[in-house]
Amino acid sequence: MTADEAGAGRARVTTELAEVIATRRVGAYQHLTLVAPGVAEPARPGQFVALAVGGEASANLLRRCFSIHKVTPTGTYGGTVEVVVSAVGPGTRWLTSLQPHAAVDVVGPLGRPFPLPKEPVPCVLVGGGYGSAPLFWLATQLRERGCSVEMVLGAASEDRLFGVVEARRSCDGVTVTTDDGSVGLRGWVSDVLPGVLERTGGRVVYGCGPMAMLSAVSAIATAHGAVSQVAVEESMACGVGVCMTCVLPAIGADGATRMVRSCVEGPVFRGDRVRWEAFADGYCQVPPDAVGAPAGAAADARRAGGPSTTTGGAP
Amino acid sequence: MVDMSVRLGGFTLPNPVMTASGCAANGKELHRFFDVSELGAFVTKSVQAQPRSGRGTPRMAETPSGMLNSIGLQGPGIDAFVAEDLPWLAARGARVLPSIAGGSSTEFASVAATLRGSSAFGSVVGVEVNISCPNVANRGLVFATDPLASAKVTALVREQLPREVPVFVKLSPDVTDIGAVASACVKAGADGLTMINTLLGMAIDVDRMRPQLAGITGGLSGPGIRPVAVRAVWQVRQAMFEGRIPTVPIIGVGGVRTGRDALELVAAGASAVQVGTATFADPLAPVRVRDELAALLEDKGYAGLSDAVAAAHGR
């Protein structure tokens with residue numbers, strides 16, 4: 001399937017039945033390596049794959065989306081794609097229980113990758129939990145372009161960090177935080193990020209992790225005159241742009257806010273373009289000034305038990 | 001080779017398989033996976049007079065063999081639709097079945113009028129009327145639950161469109177007597193019926209003890225609702241055989257994932273079939289279902305699809 005002008009600006013996307021060639025536990029997560037040459041070849045850091053779960057008789061119809069951790073376009077087994085899975089429900093438990101040689105239906109690569117700076121500027125990469133998965137591959141590409149790369153990794157506890165060793169290998173400096181102080185500094189990535197930006201003079205901040213963290217990272221980047229590029233974690237039904245469930249409010253080039261799909265317009269957004277104040281307590285409200293917002297937009301979440309005012313600026 | 005062509009209200013389609021409204025966006029996304037002109041028709045996302053942001057998130061909850069959605073008819077509005085989406089589909093050679101919606105019967109009519117005025121109207125092989133919208137004039141009661149309101153919308157839309165362009169009214173299964181609504185719509189000028197829209201459902205997050213969807217309730221779709229679709233198609237087709245409803249073609253929709261599922265709706269009385277939620281799991285589902293249906297009809301020795309329509313009624 002080739003993209004004609006219809007797909008202009010959109011990378012090639014493939015559906016393929018991939019073979020699991022390796023699966024191993026990493027802290028609280030499972031690291032899967034899949035043979036998927038059609039996905040591996042065109043993939044860029046920040047893009048994701050959508051995996052079918054449960055096999056043919058599954059009652060879980062929807063795919064699960066995972067940020068691509070790494071690709072090896074020409075490996076021993078043909079191109080491989082690696083993902084990191086946290087078993088939180090029936091679909092992800094099925095994926096983490098797969099044995100080598102099992103088959104997984106993959107669609108990808110999906111979404112827009114992290115934009116890379118044209119000049120060799122200092123960059124800071126911030127990962128929360130296993131949200132750090134795509135950052136090591138990104139770090140390697142940034143350093144190949146002459147950028148210096150510092151990484152900040154944070155999680156609730158040591159077992160929920162991902163890639164600390166890999167970070168030390170792929171970056172110029174690494175700072176680790178945990179909520180419980182089990183390793184690194186006790187606290188949040190947002191506690192240490194200002195200091196790292198001041199020390200390194202970072203011009204671009206890349207982030208991947210929970211929404212509240214991305215909100216804080218974006219605000220700190222802006223306050224330090226840096227550009228932020230964040231990959232959001234939104235729940236998706238299709239991953240390919242047709243279901244309209246993974247939307248978030250973002251400001252476009254024309255200055256207007258629209259509910260945009262994180263699977264095709266994202267998952268990477270410029271942090272200062274996202275209306276973070278719309279997110280609170282697991283809900284995202286439609287900002288009243290968004291294009292096409294209903295008069296009662298804000299009332300939707302209130303009726304659902306959500307907050308009537310947003311708190312913003314969380315961790 | 002089985003003759004897969006189907007005649008629907010004056011237009012002959014090369015095959016009976018269509019996308020389902022709201023499950024395929026407006027074509028560009030799926031065109032990355034297959035040529036949209038391969039389908040019998042491409043059914044677009046319901047479009048209203050003005051741009052609509054839709055609801056806040058979460059908009060989706062997975063259910064056993066299906067999902068709930070609460071999108072809120074997010075869309076660009078009819079002016080942008082006729083300026084961009086319809087010409088794009090027309091340029092790909094797609095046969096288009098635009099789905100229209102409104103909060104009042106006059107809004108439906110004005111959307112139909114704008115559609116008729118489009119330079120790309122030649123690509124339109126019919127208009128689907130989504131009457132599962134809240135009627136602003138009647139305390140938000142959904143048009144589809146009221147035969148009189150459904151008939152009024154049907155008549156006003158019919159009036160706006162050239163005679164040769166068929167009007168298909170999409171019925172809701174959430175009614176006591178779907179035959180009464182079907183009859184009212186056909187008598188008001190509907191050239192065909194699409195059955196069924198989603199069922200109203202709800203899911204509660206028992207960890208947080210609150211509704212899962214920001215919109216509280218949502219539309220239930222997917223293989224889990226297929227028996228409801230089969231029942232509705234059967235009942236209305238039966239009423240046509242008995243002369244209680246004038247005979248018009250039925251487009252079956254609801255939980256179709258395979259060619260076998262499609263054949264079930266055909267055998268119940270559908271002349272054409274739409275593939276909806278299955279597309280979220282498999283972007284190739286519409287063309288796969290078409291091929292599976294053709295192979296199945298061939299295996300069963302049918303010369304043409306039309307011979308299998310309503311075959312389970314044993315007439």
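Two residues are in contact if their C-beta atoms, placed from the backbone, lie within 7 Å. The views below come from a predicted model, in which local features need pLDDT of at least 70 and side-chain atom pairs count only at pLDDT 80 or more, while totals for chains, interfaces and linings use all residues. Residues are numbered from 1 along each chain as its sequence is written, and chains are lettered from A and ligands numbered from 1 in the order in which they are written.

View 1. B:Phe42 counts as buried because it has 25 C-beta neighbours inside 10 Å, where buried stands for 20 or more other C-beta atoms within 10 Å of a residue's own, exposed for 12 or fewer, and partly exposed for values in between, with C-beta atoms placed from the backbone. From C-alpha to C-alpha, B:Phe42 and B:Arg260 are 21 Å apart in space, and 218 residues separate them in sequence.

**View 2. Strand 6 of chain A and the strands that pair with it.** Five of the six residues of strand 6 (residues 80-85) of chain A are buried, so this strand is largely enclosed by the rest of the structure. Strand 2 (residues 29-35) of chain A runs antiparallel to strand 6 of chain A and is joined to it by six bridges, and two strands pair if DSSP finds at least two bridges between them. Strand 5 (residues 70-72) of chain A also pairs with strand 6 of chain A, in the antiparallel sense and over three bridges. Within strand 6 of chain A, A:Thr80 stands opposite A:Val35 and also opposite A:Thr72.

**View 3. The side of chain A that touches chain B.** Here 40 residues of chain A are in contact with 42 residues of chain B. The elements giving two or more residues to this side of chain A are strand 18 (283-284) and helix 7 (297-303) of chain A, and helix 7 of chain A supplies the largest share, four residues. The residues on this side of chain A divide into 27 nonpolar, nine polar and four charged, with Ala, Val, Leu, Ile, Met, Phe, Trp, Tyr, Cys and Pro counted as nonpolar, Asp, Glu, Lys and Arg as charged, and the others, Gly among them, as polar.
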